[in-house]
Amino acid sequence: MEVLLKYICHSLAALNIVDGMLTYIGLNLGLIEEANPAMRAISDIELIYFLLTKLFLSALLYLIIYLDKLPENNIIKFLSSIGVIIYTFVIGLHVIWIYHTI
């Protein structure tokens, strides 16, 4: 597997975990609202399901990386890179609300 794609996907999985934990805390404390409609529907059922879903999706990506089953093409690399950029922006939003809460 290409090293760059592996790095991008590791970053994506790690950022998803961080986002999940920070969002869980923010939702639990009533400081934020979930913007993703699918994840909002899951968190509305039970908040812990939200966190478990995020952890499961990251674990699944790590498993795909470990088993060396990532398709090596430019579309996957591009979409994964966009995901990392979006998650980096979302983590920045989390940092802002944490700063304003403290």
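Modeller: Helices are DSSP runs of H or I with at least four residues, strands are runs of E with at least two, and the numbering starts at the N terminus. The model is predicted: local features need pLDDT of at least 70, side-chain atom pairs count only at pLDDT 80 or more, and totals for chains, interfaces and linings use all residues. Residues are numbered from 1 along each chain as its sequence is written, and side-chain values use heavy atoms, with hydrogens and water left out.

Biologist: What makes the pattern of this chain α-α-α-α?

Modeller: The chain has four helices and zero strands. Read along the sequence, it therefore gives α-α-α-α under the DSSP assignment. Its C-alpha atoms fill a box of roughly 40 × 25 × 20 Å along the principal axes.

Biologist: Is Asp68 buried, partly exposed or exposed?

Modeller: Its relative accessible area is 43%. Buried means under 20%, exposed means over 50%, and partly exposed lies in between, with a 1.4 Å probe and protein chains only. Asp68 is therefore partly exposed. Tyr49 in helix 3 also counts as partly exposed, at 43% relative accessibility, and so does Ile86 at 48%, a residue of helix 4. In the chain of 102 residues, 33% are buried.

Biologist: What is the volume of the largest pocket, and what makes it a pocket?

Modeller: The volume is about 570 Å³. Of the 25 lining residues, the closest to the centre are Asn16, Asp19, Asn36, Lys54 and Tyr87. Helix 1 (3-28), helix 3 (47-66) and helix 4 (74-101) each give two or more residues to the lining. The term rests on a 1 Å grid over the protein atoms alone: a pocket is an open set of points with protein on both sides within 12 Å along at least five of seven lines, whereas a cavity is a set where a 1.4 Å probe fits but cannot get out, and lining residues have an atom within 4 Å of a point. Points are joined across faces, edges and corners, and the volume is the space filled by probe spheres set on them.

Biologist: How many residues of each class line the largest pocket?

Modeller: The lining has 15 nonpolar, six polar and four charged residues. Here Ala, Val, Leu, Ile, Met, Phe, Trp, Tyr, Cys and Pro count as nonpolar, Asp, Glu, Lys and Arg as charged, and the others, Gly among them, as polar.

Biologist: What makes the pairing of Asn16 with Tyr87 a polar contact?

Modeller: The two side chains approach to 2.6 Å. A polar contact is a pair of N or O atoms within 3.5 Å; within protein, one must be able to donate a hydrogen and the other to accept it, and residues adjacent in sequence count only if both atoms are side-chain atoms. The Asn16–Tyr87 pair therefore qualifies.

Biologist: How do you know whether Lys54 is buried or exposed, and what does its side chain meet?

Modeller: Lys54, found in helix 3, has a relative accessible area of 6% and so is buried. Its side chain makes a polar contact of 2.8 Å with the side chain of Asp19. Beyond neighbours within four places in sequence, Lys54 is in contact (heavy atoms within 4.5 Å) with Asn16, Asp19, Gly20, Met39 and Tyr87. With the same exclusion, Asn16 is in contact with Lys54, Leu57, Ser58 and Tyr87.

Biologist: What makes a set of residues a nonpolar core, and which belong to the largest?

Modeller: A nonpolar core is a set of buried Ala, Val, Leu, Ile, Met, Phe, Trp, Tyr and Cys residues joined through side-chain atoms within 4.5 Å. The largest has twelve residues, among them Leu5, Cys9, Leu61, Val84 and Tyr87. Helix 1, helix 3 and helix 4 each give two or more residues to this core, and helix 1 gives the largest share, six residues. A second, separate core of six residues includes Leu27, Met39, Phe50 and Trp97.
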